[in-house]
Amino acid sequence: MEGGDQAASTLWYVLAIVLVASSLIGRRMAWGAMMRMALLWVVIFAGLLGLFTFAQGQGWLTGRWAEQGGVAAPQDSPAAVPIATTQGQALRIPVAPDGHYWVEATINGTPARFLIDSGATITALSEGTARAAGLNYELGAPGVIMTTANGKVEAKRSSIATLNIGPISASDLPVVISPAFGEVNVIGMNMLSRLKSWGVQNGDMVLTP
């Protein structure tokens with residue numbers, strides 16, 4: 001994101017310099033007048049750039065000007081994650097050293113680690129996890145195009161018969177599978193929306209079935 005902002009800023013200032021220079025050369029103005037005109041153009045372009053940046057940050061821009069993607073997920077899960085604890089019916093998940101919330105779960109009885117990502121619309125699985133859990137999906141069948149933080153990727157649809165996370169259980173949960181997800185599995189909003197409540201309390205993620 002930062003590199004894109006710098007590139008946009010550089011482009012604006014290059015255009016400003018080119019336009020100012022071409023305008024001044026064409027008019028053959030006196031040096032003092034040229035300096036005043038150059039300063040005016042710089043102020044105008046700086047103002048336009050500031051307005052563009054502000055509108056982008058407020059989410060007012062759409063179409064090709066809008067930034068696409070979602071929450072940037074890590075490429076790999078950490079070697080070890082804090083252990084979640086059960087309090088009554090709720091599951092309390094401590095934040096991991098990488099700043100994310102990870103949880104150990106089972107897919108159709110097969111162990112799998114998940115990143116909890118409220119920015120993901122649907123639960124996503126790596127190909128390795130899907131194979132280990134024996135999920136059915138056709139590699140040659142038409143897939144779905146998904147927009148991620150790393151761009152658009154193609155994924156295959158499938159479903160989990162049973163997903164268990166501590167005291168929480170979900171049945172017939174739709175998922176998507178793609179090698180573009182690397183080795184990371186993600187619990188998305190289609191799972192979180194089935195819960196009675198979920199959110200962060202005192203630094204921990206709390207899931208209530």
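Which residue forms a salt bridge with arginine 92, and how far apart are the closest N and O atoms? The first legend gives the answer. The model shown in these views is predicted.

**View 1. The salt bridge between arginine 92 and aspartate 204.** Arginine 92 pairs with aspartate 204 in a salt bridge whose closest N and O atoms are 3.0 Å apart. The two partners come from distant parts of the chain, 112 residues apart: arginine 92 belongs to strand E2 and aspartate 204 to strand E11. Both of these charged residues, arginine 92 and aspartate 204, are buried. The whole structure holds three salt bridges, and the next two views show the others.

**View 2. The salt bridge between glutamate 104 and arginine 113.** Here the side chains of glutamate 104 and arginine 113 meet, with an N to O distance of 2.8 Å. Glutamate 104 has a relative accessible area of 43%, so this residue is partly exposed.

View 3. The side chains of arginine 131 and glutamate 127 form a salt bridge of 3.3 Å, N to O. Both residues sit in helix H3 (residues 127–132), and their spacing of four residues is about one turn of the helix. Glutamate 127 is buried because its relative accessible area is 18%, and the cut-off for buried is under 20%.

**View 4. The largest nonpolar core.** In soluble globular proteins, nonpolar side chains tend to be buried together. The largest such core in this model has 28 residues, and the members that touch the most other members are Ile107, Phe114, Leu135, Leu163 and Ile165. Several elements each supply at least two residues of this core, including strand E3 (102–107), strand E7 (151–165), helix H4 (189–192) and strand E11 (204–208). Strand E8 gives the largest share, five residues. A second, separate core has 14 residues, among them Ala96, Ala124, Val153 and Ala155.

**View 5. The surroundings of isoleucine 165.** Leaving out residues up to four places away in sequence, isoleucine 165 touches Leu91, Val103, Glu104, Ala105, Ile187 and Met191. Glu104 in this list is also the salt-bridge partner of arginine 113.

**View 6. Asparagine 185, a buried residue in strand E9.** Asparagine 185 is part of strand E9 (residues 185–187). The relative accessibility of asparagine 185 is 3%, so this residue counts as buried. What does the side chain of asparagine 185 meet at 3.0 Å? One polar atom of this side chain lies 3.0 Å from the backbone oxygen of arginine 113. The side chain also makes a polar contact of 3.0 Å with the side chain of threonine 129. Beyond neighbours within four places in sequence, the contacts of asparagine 185 include Ala112, Phe114, Leu125 and Ser126.

**View 7. Aspartate 172, an exposed residue in strand E8.** Aspartate 172 lies in strand E8. With 57% relative accessibility, aspartate 172 counts as exposed, because the cut-off for exposed is over 50%. Threonine 162 is 10 residues away from aspartate 172 in sequence, and their C-alpha atoms are 6.5 Å apart. Apart from neighbours within four places in sequence, aspartate 172 contacts Ile160, Ala161 and Arg194.

**View 8. The whole protein, for orientation.** The protein has four helices and 11 strands. Of its 209 residues, 34% count as buried. The accessible surface is about 12,400 Å², and carbon and sulfur atoms account for 59% of this surface.

Note on methods:
Residues numbered from 1 in each chain as written. Predicted model: local features only at pLDDT ≥ 70, side-chain atom pairs only at ≥ 80, totals over all residues. Heavy atoms only, no water. Core = buried A, V, L, I, M, F, W, Y, C linked by side-chain atoms within 4.5 Å. Buried < 20%, exposed > 50% of the residue type's maximum accessible area, 1.4 Å probe, protein only. Contact = heavy atoms within 4.5 Å. Areas by Shrake-Rupley, 256 points an atom, 1.4 Å probe, with all protein chains shown as cover. Polar contact = N/O pair within 3.5 Å; in protein donor to acceptor, adjacent residues only side chain to side chain. Salt bridge = Lys/Arg side-chain N within 4 Å of Asp/Glu carboxyl O.
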